[in-house]
Structures are given as structure tokens and as C-alpha cells.
Amino acid sequence: MITTLSTNQAIHDLLADDYASWTYNEAEALVNFYEELEDQQGEAIELDRVAIRCDWTKATEEEAREMYDIEGDVQEYLDDHGYCLEVEGSFLFLNF
């Protein structure tokens, strides 16, 4: 049995994860990312909030600089190494 979620339902499912600290805008950016990926691949993606929580890191520009010893543009560096979303002055990026 498959349940198809609306964008709003998927956002609220991410926000309901007690072990993640997404803001509404961050959850919305993540859901939009996966919806675009679904469109590109032409197939549905299962929403797994535990996997999303484990796969993505949230960091400020300074935190990302320290984590990866970045000297240049942080978003460019993160984009070059995977996917990076800028939300509310912070970065969400897939762990690499």
C-alpha cells in the first residue's frame, strides 16, 4: 500500500521528527529538493525522515568553513561536493 503525500504533509512530517531541528523553511526546501528529484528521475521517492535527518547537515557559513577547512566560497565548495541548499542564512548539504 502506498500513500502519496502532498507537499504540505511531507513538510509537516519532517517537522514532526523529534530528533531533527528543521525550521519550516528548511523542511520546505528539503521537500522541494526531493520533489524536483522525483520529477527529474520520473519516479516517486519514499519519504524517510530518518534517512533525511542522517543524510543532511545544517550549518552556518562559519561552521561549514571549520568543518571542511574552506577558504573560498562556501556554497560553491558545498555544491561542488554534492547538493547544497541555502535557507535562512544557513546551508543544508548532503553529507559527503
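Colleague: Which helices each supply at least two residues of the lining of the largest pocket?

Modeller: They are helix H1 (7-15) and helix H2 (24-41). This is a predicted model, in which local features need pLDDT of at least 70 and side-chain atom pairs count only at pLDDT 80 or more, while totals for chains, interfaces and linings use all residues. Residues are numbered from 1 along each chain as its sequence is written, and side-chain values use heavy atoms, with hydrogens and water left out.

Colleague: What makes a stretch a helix or a strand?

Modeller: Both are DSSP runs, numbered from the N terminus: a helix is H or I over at least four residues, and a strand is E over at least two. By that rule the protein has five helices and three strands, in the pattern α-α-α-β-α-α-β-β along the sequence.

Colleague: What makes a space a pocket, and what is the volume of the largest pocket?

Modeller: On a 1 Å grid over the protein atoms alone, a pocket is an open set of points with protein on both sides within 12 Å along at least five of seven lines, and lining residues have an atom within 4 Å of a point. A volume is the space filled by probe spheres set on the points, which are joined across faces, edges and corners; for the largest pocket this is about 430 Å³. The lining has 18 residues, and Leu5, Glu38, Ile45, Glu46 and Leu47 lie nearest the centre. H2 gives the most, with five residues.

Colleague: How do the residues of that lining divide?

Modeller: There are 11 nonpolar, three polar and four charged residues. Ala, Val, Leu, Ile, Met, Phe, Trp, Tyr, Cys and Pro count as nonpolar, Asp, Glu, Lys and Arg as charged, and the others, Gly among them, as polar.

Colleague: How do you know which strands pair?

Modeller: Two strands pair if DSSP finds at least two bridges between them. E1 and strand E3 (residues 90-94) have five bridges, and E2 and E3 have four; both pairs are therefore counted under that definition. The three strands form an open, antiparallel sheet in the order E1-E3-E2.

Colleague: Why is one side of E1 and of E2 left without a neighbour in the sheet?

Modeller: Strand E1 (56-60) and strand E2 (84-87) stand at the edges, so each has a single partner strand.

Colleague: Which helix touches E1, E2 and E3?

Modeller: H2 packs on the sheet and touches these strands, where contact means heavy atoms within 4.5 Å. The direction of H2 makes about 145° with that of E2; axes are lines fitted to C-alpha atoms, for helices over the stretch in contact, and angles run from 0 to 180 degrees between N-to-C directions.

Colleague: What is the average confidence in the model?

Modeller: The average pLDDT, the predictor's confidence in each residue from 0 to 100, is 94, and 99% of the residues score at least 70.

Note on methods. On a 1 Å grid over the protein atoms alone, a cavity is a set of points where a 1.4 Å probe fits but cannot get out, and a pocket is an open set with protein on both sides within 12 Å along at least five of seven lines; lining residues have an atom within 4 Å of a point.
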